[in-house]
There are 2 protein chains.
Amino acid sequence: MSDARVASLQSAVPTLRVLNDPADLAHYGGDWTRRWTPAPLAIALPASIEEVQATMRWAYAQGVAVVPSGGRTGLSGGAVAANGELVLSLQRMNRVLGFTAADRLLTVEAGIALEAVHEAAREHGLQYPVDFAARGSCSIGGNIATNAGGIRVVRYGNTREWVAGVKLVTATGELLDLNRGLVKNSSGYDLRHLVVASEGTLGVIVEATLRLTDPPPDTRVMLLALPSFDVLMEVFQALRARLPLEAFEFFTDRALHHTVAHGAQAPFESVYLYYVVAEFASAGEAGEVALLSAFEYCMEQGWVEDGVISHGDAQAAALWRLREGITESLAPHVPYKNDVSVRVSEMPAFLAHTQALLAAEYPQFDVVWFGHIGDGNLHINVLKPSDMANADFVIECERVTKLLAAALAEHGGSISAEHGIGLVKKPYLGSTRSAEEIAVMRGIRRALDPAGILNPGKLFD
Amino acid sequence: MSDARVASLQSAVPTLRVLNDPADLAHYGGDWTRRWTPAPLAIALPASIEEVQATMRWAYAQGVAVVPSGGRTGLSGGAVAANGELVLSLQRMNRVLGFTAADRLLTVEAGIALEAVHEAAREHGLQYPVDFAARGSCSIGGNIATNAGGIRVVRYGNTREWVAGVKLVTATGELLDLNRGLVKNSSGYDLRHLVVASEGTLGVIVEATLRLTDPPPDTRVMLLALPSFDVLMEVFQALRARLPLEAFEFFTDRALHHTVAHGAQAPFESVYLYYVVAEFASAGEAGEVALLSAFEYCMEQGWVEDGVISHGDAQAAALWRLREGITESLAPHVPYKNDVSVRVSEMPAFLAHTQALLAAEYPQFDVVWFGHIGDGNLHINVLKPSDMANADFVIECERVTKLLAAALAEHGGSISAEHGIGLVKKPYLGSTRSAEEIAVMRGIRRALDPAGILNPGKLFD
């Protein structure tokens, strides 16, 4: 604790756990982007809302920048502390605080892992339906701060839809208790919704009240092999019209190559260009008939070259692993991640445009496509050649991202569907939000954080 | 056009239709509250976004206050122009602009009536599920500006859930195109959600892109007579657990008295204290069995004294009329309206508290209760005795609303569930939103409307 500011914080909030060993600074100062060198001032690990408030009051008085921090699984650098900021980690605030059956509301501290929320919902015979591969590490506070999406958005929507209340500690240390679980509340601006996707720039999310829903139905999982990108939307529309869709995910042969190299089992003897993992609520014999008939319809149209339908949980899990294992299998290849979206109706035109763009601009790179096609959301991962320096690779990727951003603007899309803007997408925010919108956002940020101490440099300057 | 400012507006926007006959000023200057004397400067009736922008640029330059105006069916005075404001009516901007089947998105001008949106959705084999009695007169822009709820919230949520995009003209005449129909878009603050429930204080809603959903299922309607308020929540929980609930509305004997006096047919020979109109998706024979068994369960518990289940659309409509006719039947009695909500789990305690409060404070008045119990939303209408002056009546009602607001604060509720704050509930906003929240809202309002020309005096000062 050599820094005088650390001593001052510890003296202002004597009960606060503060870390500043080099290993802790490195551990808590970065996220999954791994592009910036962590260099925080110190790590604050409050155990209560009061400690968060006291920490923010100190930071406000001292003019110290604060980076709110959850599970640090972010992919846009939103939780990176590379400029002497105080990292305010919610890691120790991870309890379930309460459940009311009549409301189906679960109240949790912000640092709780998504998976623990899933478990708590299950204990009450209900479901928290937002789900994605980082479930064991990411925190609910981070999910809210980025409006996390994932693999069930096509059926259940994004995190936003499940937030019935949020407690937020502001830049000046005040506690706002927003919406408080009410179903109907037309009493002025819904600041709860302003907090969702604000990436730690408007306050520190300390508590959330989450809506739960009916437990998930029994499901069947289907893996399909497709001959071309062109039929992907046709298959989606056909299956959506015929079956109760719980998920619809696609990936390319390059993605399958990496997951199989990483230990997954190849699903078919032949290799195909495109794959879909789809999950459906199964409803007895009638459901089975509908499932087979939908599958046959797609085969007859020539849209599907091969397919398998799960029998039993183990097979379903094995099929899902082909999709969910992608991110992990790519990690050693230092992927540059694009996370873009357009309207579903705009997807065919955008896919064609983007495929041509990337084929022309990235011939030398391994490009892995996957995503949530039913939400209009594509993940385009560019892998770094092993003999290329990371800095050169990023420069080259950013050149192409500029072109991709222009394509998105043309097709009415978004440069970030679900990862957030953070540091990584900040240069391209103008492709998605107009200058007037950014000016309004800047005014709102200033209204809540006049001294500019909350996650400075993230989202926009 | 005697006022120089009206001439200046007309000269600044030559194509703009401007009215300022006394009859027009009276017609467009008020809403359903009828408590304030309309006194607008003039009425602007733009036919395009460009005319709205030009009008706002003129108003900003001249420092003229503007009241955005839809169907003027509001119940909180949000569209009242009693202080020389320019009423900016969206009435002529009422077209359907487009539909995309793959997205299930309908784009409309803000002045379109809710009923016309229902019809457009039906034409595409889909449904826009927000619904309430004012459907023929209210506009989508007004629905969004108050986050309108209505009779299907228990199944489909509020207006907010169905808004995929909003175009907003700001105080300075800039056009913001917010979210543009995207399912996933984590690119900074979701200003679309900030606009919902902003009551014309952040800009003029000129266009909306609405999500549509599957067409409504076949349904059956049930009318139940209940012996006490205490069993109301029991009946709700029992039916919700057993049946696919599409609506669950309650009203009291006093409400039935007024609708019958207004021409509806009494449903039972006997008179009971409390009634429920519930609607369920009906699914063939199994559904019929579930419906009867749920009804019998409630009878066996002693929760229900009498009941009827609709056979055919005519009977269903007749049962609904008992609930939907209430507001119209009360109108001649100059009701003072309370529109409050709590969490569903808090409803029993709040009901007991409020019943005792009103019995003690309003013994001399006819108090009519109805509402959306499954959303935690009560409408408490106090009727003016015919021999009482309106001003005295309002003073007396406001005295009791202060007590009600204190009860709401105690039970974690909201002073406005779905009508909005406007002028009527402004004195009580502090019962629902903390001083810190109101300060944040004030800062946001100032950021978007620095000159304070948008609906001044509404929501908060």
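This is a short tour of a predicted model, stop by stop.

**Before you start**

Residues count from 1 along each chain as its sequence is written, while chains are lettered from A and ligands numbered from 1 in the order in which they are written. Because the model is predicted, local features need pLDDT of at least 70 and side-chain atom pairs count only at pLDDT 80 or more, whereas totals for chains, interfaces and linings use all residues; side-chain values use heavy atoms, leaving out hydrogens and water.

**Stop 1: where chains A and B meet**

Show both chains. Contact here means heavy atoms within 4.5 Å. By that rule, 68 residues of chain B touch 68 residues of chain A. Together the chains bury about 5,500 Å², and 54% of this lies on carbon and sulfur atoms. Buried area is the accessible area (1.4 Å probe) that two parts lose on being put together, summed over both.

Now select B:K184, B:S186 and B:Y189. In chain B, these lose the most area to chain A, together 18% of what that side buries.

**Stop 2: salt bridges**

A salt bridge is a side-chain nitrogen of Lys or Arg within 4 Å of a carboxyl oxygen of Asp or Glu. Six of them run between chain B and chain A. Select A:R160 and B:D190, whose side chains form a salt bridge at 3.4 Å, N to O.

Over all chains the count is 40 salt bridges. Go next to A:D366 and A:R254, paired at 2.9 Å, N to O. This pair links distant parts of the chain: A:D366 sits in strand β15 (residues 366–372) of chain A and A:R254 in helix α9 (residues 253–261) of chain A, 112 residues apart. Helices (H or I, at least four residues) and strands (E, at least two) are DSSP runs, numbered from the N terminus.

**Stop 3: two helices in chain A**

Select residues 347–361 and 390–410 of chain A, helices α13 and α14. They pack at about 160°, axes 11 Å apart. Axes are lines fitted to C-alpha atoms, for helices over the stretch in contact, and angles run from 0 to 180 degrees between N-to-C directions. α13(A) and α14(A) are therefore roughly antiparallel (over 145 degrees; under 35 is roughly parallel, 65 to 115 roughly perpendicular, the rest oblique).

Show side chains. Among those of α13(A) that meet α14(A) are A:F350 and A:L357; the α14(A) side includes A:V400 and A:L403.

**Stop 4: two helices in chain B**

Select α1 (residues 4–12) and α3 (residues 49–62) of chain B, packed at about 140° with axes 10 Å apart. That makes α1(B) oblique to α3(B). B:R5, B:S8, B:L9 and B:A12 meet B:T55, B:W58 and B:Q62.
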